[in-house]
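Here are my notes for you, written as numbered points. Keep the structure open beside you and look up each residue as you read.

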Amino acid sequence: MQIIEIIIKVAVSLTLLNVWILRVNKRTPYRGGSAVSMKEEFDVYGLPGWFMYVVGFLKIISALLLLLSIYFKQIEFHVSVMIAILMLGALAMHIKIKDQFFKALPSVILLLLVLMIAMIKS
């Protein structure tokens, strides 16, 4: 079970880091509405520009903390809950603008994975 948990943590972390560092200004099929960048996506959601930086900071920090939780077990529950809240927010934004479900699929998958981590440790 420990190996699976580590794989999940690495997969979730790398996904978040990929989205928020490598693909932040690139088109992906999962962007909200017809947005081609993260900034446009936040505009589509009706969120202020500064909020993108707050969310990005929280997602990058939480991804790094999730990797650290491989060694520091005492933080994994809290980090998993933090990511779950962020993924619920992402899902809510897709629902708000009536996106196709497949656009929300990455946030749903990450939500389920971090909930698995949180439930294993609770």
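1. Let's start with a word you'll meet a lot: a residue is buried when its relative accessible area is under 20%, exposed when it is over 50%, and partly exposed in between, using a 1.4 Å probe and protein chains only. Lys 39, for instance, has 47% relative accessibility, so it counts as partly exposed. Asp 43, at a relative accessible area of 44%, is partly exposed too.

2. Some ground rules before going on. What you see is a predicted model, where local features need pLDDT of at least 70 and side-chain atom pairs count only at pLDDT 80 or more, while totals for chains, interfaces and linings use all residues. Residues are numbered from 1 along each chain as its sequence is written, and side-chain values use heavy atoms, with hydrogens and water left out.

3. Now the charges. Side chains of opposite charge can pair when their charged atoms come close. Here a salt bridge means a side-chain nitrogen of Lys or Arg within 4 Å of a carboxyl oxygen of Asp or Glu. How many salt bridges does a search of the whole structure find? It finds four.

4. One of them joins Asp 43 to Lys 39, with the closest N and O atoms 3.6 Å apart. Both residues sit in helix α2, four residues apart, which is about one turn of the helix. (Helices are DSSP runs of H or I with at least four residues, and they are numbered from the N terminus.)

5. Next, look at Lys 9 and Glu 5, whose salt bridge has its closest N and O atoms 3.3 Å apart. The two are four residues apart in helix α1 (residues 2-22), so about one helical turn separates them. Are they buried or exposed? Both Lys 9 and Glu 5 are buried. Glu 76 joins in as well: Glu 5, Lys 9 and Glu 76 are linked in a network of salt bridges.

6. Glu 41 and Arg 31 make another salt bridge, with the closest N and O atoms 2.9 Å apart. Glu 41 lies in helix α2 (residues 38-44) and Arg 31 in the loop between α1 and α2, so this pair ties together parts that are ten residues apart in sequence. Glu 41 has 7% relative accessibility, so it counts as buried. Arg 31 is buried as well, with a relative accessible area of 3%.

7. On to helix packing. Helix α3 (residues 49-68) and helix α4 (residues 76-96) pack at an angle of about 145°, with axes 9 Å apart. The axes are lines fitted to C-alpha atoms over the stretch in contact, and angles run from 0 to 180 degrees between N-to-C directions. Which residues make the contact (heavy atoms within 4.5 Å)? On the α3 side they include Leu 58, Ser 62 and Leu 65, and on the α4 side Val 79, Ile 83 and Ala 90 are among them.

8. Rings of Phe, Tyr and Trp (its six-membered ring) pair if their centres lie within 6.5 Å; planes under 30 degrees apart count as stacked, over 60 as edge-to-face and the rest as tilted. By this rule there are five aromatic pairs. In one of them, the rings of Tyr 30 and Phe 102 have centres 5.6 Å apart and planes at 55°, so that pair is tilted. Tyr 30 is in the loop between α1 and α2 and Phe 102 is in helix α5 (residues 101-121), so the pair ties together parts 72 residues apart in sequence. Tyr 30 counts as partly exposed because its relative accessibility is 37%.

9. Another ring pair is Phe 42 with Tyr 45: the centres are 6.4 Å apart and the planes at 65°, so it is edge-to-face. Both Phe 42 and Tyr 45 are buried. They also belong to one aromatic cluster, together with Trp 20, Trp 50 and Phe 51.

10. Finally, check Lys 98, in the loop between α4 and α5. Most residues other than glycine have a negative phi. Lys 98 has a positive phi of about 60° although it is not a glycine. With a relative accessible area of 72%, Lys 98 is exposed.

Terms used: Contact = heavy atoms within 4.5 Å.
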